[in-house]
Amino acid sequence: MPQSSEQSAFRPSPENTPMPLAQARARIVDAITPIADTERVALQNALHRVLAERVIAGVDVPGADNSSMDGYGYRAGDVDADGAALDVVGESLAGHPFAGRVGAGQCVRIMTGAVVPDGVDTVVMQENTRAAGERVVIEKRPASGSNIRAAGEDLRAGTIVLAPGHYLRPADIAVLASVGVAKVSVVRRPRVAFFSTGDELRPVDGPAGQPLAPGEIYDSNRYGLAALISELGMEGVDLGVVGDSPAALREAFQKAAVCDAVVTSGGVSVGAADFVLDVLGEQGTVDFWRVAIKPGKPLAFGTLGHARFFGLPGNPVSTAVTFIQMVRPALVRMAGATPAEPIRLALPTLADLRKSPGRENFLRARLVNRDGRAAVEPVDHQGSGVMRSMSRADCFIVLPAAQNDVPAGEIVPVEPFAQTIWGQPEG
Ligand code: AMP
Ligand code: MG
C-alpha cells in the first residue's frame, strides 16, 4: 500500500507492500516540477544543457543553391549526349561565387560548396570530364539537376530549428551554429546533493597511505553517484560520508535541503543502523518506500525542503540500478526535458537465467554479436554487492515479477541503459 505524503511520521512496516517499478517511476516523475529558471549561455557552453526557448531559423540553410561536387556547372539542355564539349567561362569557388551568368554552350569550373551561378542547373563531377584547352568534354553526363544542393533543403528561414526541452548534443550545437545562433537560453542545471551513509565507509580521497581498519570499506557509491549526476550535465553537491546516527543525518539533511534533489545511499532498510527513513519523516515527507525490484527494493522517495528526496539502498548495484531506473528519469524531467521511454529489445539469452517469482529482476548483461545476430549474455556474478557486474554490463535483462527460471536460447526483454536517457520534446 503506497504511503500518503501527508503522513509525516513514516514507519517501515511489513504491510508496506513494495510498489511495482512502473508505478513507482510514474509516481516519481509526476511529482517532479521542472526547473523554471533559465540562463543565456554561449553556444560553446551549451553542450548537455536543456534548451529553454524555441529557436527559429533566421536564414535558409544552405543559403543558396550550391554544388555537392568538384566539377563543372552548365545547363542540362546544352548536353544531349556524352562527349559534348563546353566553353569554360570562369570558376566558382566556396566563398568566391562566379559573378556572371552562364550562357548556352558554356560552363564554369565549380567546387564543392560553391554557389551555383545563374544559368546553371546541373553539375558534372570532375572525374567524368576531360579538359581540352579552354573547353571541357563531358564524358559521362549526369541526370539533369544532379549534384546541386538546394537552398533551404536543410532548414528554411522561419521554421523551427529546435524546441524547448531539447537536450543539446554535439549535432544540435552544430545545427544551431548553422543558422547563426551564438547564444541560447537554457534551463538552469539541477543542483543535486548526494551523500553516503555508513559508519564503515572510508573516502578514497582522504589521507593517503592509511590501510582500511577492520570492518571498513571504501565508499564507492558516492563516487559512482557523482559520476552518474555529472554524466547528465547536472551539478552535484558532494556532502561526503555521513555516519549512522540520527544526529549526523539531521545535519546532512539540513545542508541538502537547499538543493533541487537529494540522493543518498544506504541506511534505508530495516537494519539497526538504518535511520534515513526516520530522519526523512522528521524533517521532510516520505511519499513511498520499497519498490518490487531486485536489486533495489528498499528505495525511499519523498521531499526535503524544496528538494525531492531519493533514499537509495546501499548495496552498490542496488544504488546504481535504482538511480538509473528512477532517479535519472526524475532528474531529466527536473532539468526541463522529457525522460526517454525505456527501450526493450527482444533478444535470445546465451545462458540460463535464475529467477524466483516475486520481484521484477534487473540482471546485468552485455549485448553481444553471436554469429552476426544480436544476443544478450548475463555477466557471471549477479550479487547486489558485486559492482563489477555493473561495470561490465551495458544492458539489463528485465524479468517480470512472475517469471521463473529461463533456459538459454529463450527470447528475453533487454534494456540498454546508457543509450536512451533524453527524450525528444514535441514540436
Ligand atoms: P545499507 O543499505 O546501508 O544497509 O548497506 C547495504 C550494503 O551496502 C552494506 O554491505 C554496506 O556496507 C554497503 N554499502 C553501503 N554504502 C556503501 C557505499 N557508499 N559504498 C560501498 N558500499 C556501501
Ligand atoms: Mg548502512
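A: Two strands are said to pair if DSSP finds at least two bridges between them. The model shown here is a predicted one. In it, strand S4 (residues 71-74) and strand S6 (residues 106-110) are joined by 3 bridges and run antiparallel. Within this pair, Gly73 has Val108 in S6 as its bridge partner.

Q: To what sheet do S4 and S6 belong, and in what order do its strands follow one another?
A: The order is S7-S4-S6-S5-S9-S8, an open sheet of 6 strands with mixed pairing. Strand S7 (122-125) and strand S8 (129-132) stand at the edges; each has a single partner strand, so one side of each is left without a neighbour in the sheet. Ignoring direction, neighbouring strands of this sheet are turned by 40 degrees against each other on average.

Q: How is the sheet that contains S13 and S17 arranged?
A: This open sheet has 6 strands in the order S16-S13-S17-S21-S20-S18, and its pairing is mixed. Its edge strands are strand S16 (235-242) and strand S18 (285-289), each of which pairs on one side only. From one strand to the next, the twist averages 20 degrees. Strand S13 (residues 191-197) runs parallel to strand S17 (residues 261-265), and 5 bridges join the two. Phe194 stands opposite Val263 in S17.

Q: Which helix lies across S13, S16, S17 and strand S21 (307-312)?
A: Helix H3 (residues 221-231) does so, running at about 165 degrees to S13.

Q: At what angle do helix H4 (residues 246-256) and helix H5 (residues 276-283) pack?
A: The angle is about 50 degrees, with the axes of H4 and H5 10 Å apart. That makes H4 oblique to H5. H4 passes H5 in a right-handed crossing. Pro246, Leu249, Arg250, Phe253 and Gln254 of H4 meet Val276, Val279, Leu280, Glu282 and Gln283 of H5. The contact of H4 with H5 has 6 nonpolar, 2 polar and 2 charged residues.

Q: Is strand S25 (residues 395-399) mostly covered or uncovered?
A: A residue is called buried when its relative accessible area is under 20%. By that criterion, 5 of the 5 residues of S25 are buried, and the strand is mostly covered. Cys395, Ile397 and Leu399 point one way from S25, whereas Phe396 and Val398 point the other way; all are buried. Strand S23 (residues 360-370) runs antiparallel to S25 and is joined to it by 5 bridges, with Asn361 having Leu399 as its bridge partner. S25 also pairs with strand S26 (residues 411-416), in the antiparallel sense over 3 bridges. There, Ile397 stands opposite Val414 in S26.

Q: What should be noted about backbone geometry?
A: Most residues other than glycine have a negative phi, and most peptide bonds are trans. In this model, a cis peptide bond joins Val61 and Pro62, with omega about -10 degrees. Pro62 is in the loop between strand S2 (55-56) and strand S3 (66-67). The peptide bond from Lys294 to Pro295 is also cis, with omega near 0 degrees. Pro295 is placed in the loop between strand S19 (293-294) and strand S20 (300-304).

Q: What phi does Asp371 have, and where is the residue found?
A: Asp371, although not a glycine, has a positive phi of about 55 degrees. The residue is found in the loop between S23 and strand S24 (373-378). Its relative accessibility is 75%, so Asp371 counts as exposed.

Note on methods
Residues numbered from 1 in each chain as written. Chains lettered and ligands numbered in written order. Predicted model: local features only at pLDDT ≥ 70, side-chain atom pairs only at ≥ 80, totals over all residues. Heavy atoms only, no water. Helix = DSSP H or I, 4+ residues; strand = E, 2+ residues; numbered from the N terminus. Axes fitted to C-alpha atoms, helices over the stretch in contact; angles between N-to-C directions. Contact = heavy atoms within 4.5 Å. Buried < 20%, exposed > 50% of the residue type's maximum accessible area, 1.4 Å probe, protein only. Parallel < 35°, antiparallel > 145°, perpendicular 65-115°, else oblique. Left-handed = near helix turned anticlockwise from the far one by under 90°. Nonpolar A, V, L, I, M, F, W, Y, C, P; charged D, E, K, R; others polar.
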